[in-house]
Amino acid sequence: MVRNILKLGDETLRKISKPMAKFDLRLWLLLRDMADTMYKADGVGLAAPQVGILRRVVVIDVGDDHGLIELVNPEIIATEGEQAGSEGCLSVPGRRGYVVRPQKVTVRAQDRKGKFFEITGEDLLARALCHEIDHLDGIVYVDKMDHEIFDDEEENREES
Ligand code: ZN
């Protein structure tokens with residue numbers, strides 16, 4: 001089921017999400033809805049607070065071999081390097097910003113059944129991991145951007 005995506009200005013986007021403690025049907029339905037919502041909106045990632053649920057749950061699909069990535073209670077445990085580039089957000093439609101992120105990120109998270117795993121992403125995946133995990137702490141990319149990007153200097157168009 002596609003859910004409504006909250007937009008910048010909604011107070012929910014500024015709150016700290018709580019860890020997910022139960023790995024049950026309620027979580028699986030949330031994950032399904034979040035994936036549906038992300039794909040419908042042509043996004044590369046979505047965090048639960050963006051659909052009004054203050055839980056530490058993220059979905060990402062940057063169109064690479066990883067396919068759909070489901071992260072429950074994700075934490076960044078290592079970062080490497082730096083990348084500067086264009087970033088957008090489904091909660092901030094029609095705008096993009098220039099944001100510096102790590103080039104490579106390793107995240108420890110739980111899967112839909114509560115099992116711990118690690119995932120390492122580079123480039124766009126590293127950017128998406130940082131962007132979505134920021135949402136769980138009430139941070140939106142506009143807080144971190146160096147400057148707004150206007151159409152004449154656009155690069156990639158991914159939104160998350
Ligand atoms: Zn976002």
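Two strands are taken to pair if DSSP finds at least two bridges between them. Helices (H or I, at least four residues) and strands (E, at least two) are DSSP runs, numbered from the N terminus. The model is predicted, so local features need pLDDT of at least 70 and side-chain atom pairs count only at pLDDT 80 or more, while totals for chains, interfaces and linings use all residues. Residues are numbered from 1 along each chain as its sequence is written, and side-chain values use heavy atoms, with hydrogens and water left out.

Three strands form an open sheet in the order β4-β5-β8, with antiparallel pairing. Because β4 (83–87) and β8 (147–149) lie at the edges with a single partner strand each, one side of each has no neighbour in the sheet. From one strand to the next, the twist averages 40°. Three antiparallel bridges link β5 (residues 96–101) to β8, and R96 faces I149 of β8. Helix α2 packs on this sheet, touching β4 and β5 (contact: heavy atoms within 4.5 Å), and its direction makes about 65° with that of β4 (axes are lines fitted to C-alpha atoms, for helices over the stretch in contact; angles run from 0 to 180 degrees between N-to-C directions).

Next comes the interior. A nonpolar core is a set of buried (under 20% relative accessible area, 1.4 Å probe, protein chains only) Ala, Val, Leu, Ile, Met, Phe, Trp, Tyr and Cys residues joined through side-chain atoms within 4.5 Å. The largest has 18 residues, of which I60, L71, V107 and L129 touch the most other members. Helix α2 gives the most to this core, with seven residues.

Definitions and conventions
Buried < 20%, exposed > 50% of the residue type's maximum accessible area, 1.4 Å probe, protein only.
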